[in-house]
Amino acid sequence: MVAIIDYGVGNLFSLQSSFAAIGAEGTVTADKEVLEKADCILLPGVGAFADAAEKLRSAGLDQVLKALAAKGKPLMGICLGMQLLFERSYEYGCHEGLGLLKGAVRPIADVIPADYKIPHIGWNGLIMKQDNPLMKYVQPGDCVYFVHSYYAADCDEAVIATAEYGAELTAAVASGNVLGCQFHPEKSGEVGLKILKAFVEMGEKK
Amino acid sequence: MITKRIIPCLDVRDGRVVKGVNFEGLRDVSSPVELGMYYSSCGADELVFYDITASSDGRKLFTDILCETARKVFIPLTVGGGINTVEDFDRVLKCGADKVSVNSGAIRNPSLILDAAKRYGDQCVVLSVDVKRVDGVFRVFAKGGRENTGQEAIAWIKQCVDNGAGEVVVNSIDTDGVKGGFDLEMLEAVCDAVSVPVIASGGAGKIQDFITLFQTLPKVDAGLAASIFHFGEVHIADLKAQMVKENIPTRRV
């Protein structure tokens, strides 16, 4: 069972449906016991970093996630959920994240040419940087769907894929059992479903 | 590299696609769910469902098919038609829509875009605008293109983007239905005025029209069409194959 963390940000309907489509059970929950029983954990998220980080903390989920990640349970963040895994974000100030991955979240405006549109929105091809089981069913150049204005920086060791948008932006990260996708696999057609399938399989091995 | 999006638009009334067509392998040509799945398998990069229902019963049917589609189609889904309040945003987003397109609702209620963008983020709010030349000036038309609002279109679009519209669908009434190609002059004027993604609508009649669009105006992000896809005049798979041949950045499936 995949636990999809419900902490009051964003719509989890599509994510839950995409797990159903690959024959996996996705349970939307904020219950610590359910999270402990889960084979793997998905941290979704849309909206502002500071607001989402605060919601995680006030629900006590930050400590729960850190403890479960330390035990080796596969934990993947999606979009803002991925950004929350890092040490800090410079979205409207400087805000502390979960610190499960080394690096910081910075505005894409810092690195892309001025005539590029922000947000980076649409389908972009994956450039593979490291072999990782998360990408085992995916080919270099396969397109996935992005919607974001901030990106994960200072995290070269963890980057497994990037996308070219005037600069190479972090697309997917992994450090042991802690993983993240900047794009939305649940909106990335067959390619996205393959990535979710690979993630589910990481949990089954445990 | 970011790819150019191809977006079929489905008009839905009382939960059924208005312009049904016969595609091979499609059991129910009027089912938005089946048609959505078909387009997704052909390489559509996004779907737009446009609700043209008048009754509240029909609205319920629409949200039902929206949920059903979101269960089966895993590409971005934009919903428009009858969006007048932030509650309307809520209603369709809960059913699996990713973006909501506003047109007449934004004209009637100028704070709608601002309120929705604050609550759901700019990326969620799409401005759809029907534009027609009147004495050489681009004017905004309301009520499905029937009523001249008198508003100058470029100023209106800029204002909506400043308020938080994250994308703009520009539908040229002058070229709509003519099938002689997109309204390049109008689209260029919009692209020069705003820095958010611009989606071209109105006028596509053949594959070459999309090629010309993306080659002439590299700033345009997507091409949207309805009947030429529904009637099989342009097959999305063929269109994308041609885009690849012409070296236009394209997502292949």
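**Note on helix packing and the chain contact**

1. In chain B, helix H1(B) passes helix H2(B) in a right-handed crossing. The model is predicted. H1(B) covers residues 32–42 and H2(B) residues 56–72; their axes come within 9 Å and cross at roughly 30 degrees. Since angles under 35 degrees count as roughly parallel, H1(B) is therefore roughly parallel to H2(B).

2. On the side of H1(B), this contact involves Pro32(B), Val33(B), Gly36(B) and Met37(B), which meet Ile65(B), Glu68(B), Thr69(B) and Lys72(B) of H2(B). By class, the contact of H1(B) with H2(B) comprises 4 nonpolar, 2 polar and 2 charged residues.

3. The crossing of H6(B) past H7(B) is right-handed.

4. Ile154(B), Ile157(B) and Lys158(B) supply the H6(B) side of that contact, while Ala189(B), Val190(B) and Ala193(B) supply the H7(B) side. The contact of H6(B) with H7(B) has 5 nonpolar residues, 1 charged residue and no polar residues.

5. Turning to the contact between the chains, 27 residues come from chain A and 23 residues from chain B. The side of chain B that touches chain A is made up of 10 nonpolar, 7 charged and 6 polar residues.

Methods:
Residues are numbered from 1 along each chain as its sequence is written. Chains are lettered from A and ligands numbered from 1 in the order in which they are written. This is a predicted model: local features need pLDDT of at least 70, side-chain atom pairs count only at pLDDT 80 or more; totals for chains, interfaces and linings use all residues. Two residues are in contact if their C-beta atoms, placed from the backbone, lie within 7 Å. Ala, Val, Leu, Ile, Met, Phe, Trp, Tyr, Cys and Pro count as nonpolar, Asp, Glu, Lys and Arg as charged, and the others, Gly among them, as polar. A crossing is left-handed if the near helix is turned anticlockwise from the far one by less than a right angle, and right-handed if clockwise. Helices (H or I, at least four residues) and strands (E, at least two) are DSSP runs, numbered from the N terminus. Axes are lines fitted to C-alpha atoms, for helices over the stretch in contact, and angles run from 0 to 180 degrees between N-to-C directions. Angles under 35 degrees count as roughly parallel, over 145 as roughly antiparallel, 65 to 115 as roughly perpendicular and the rest as oblique.
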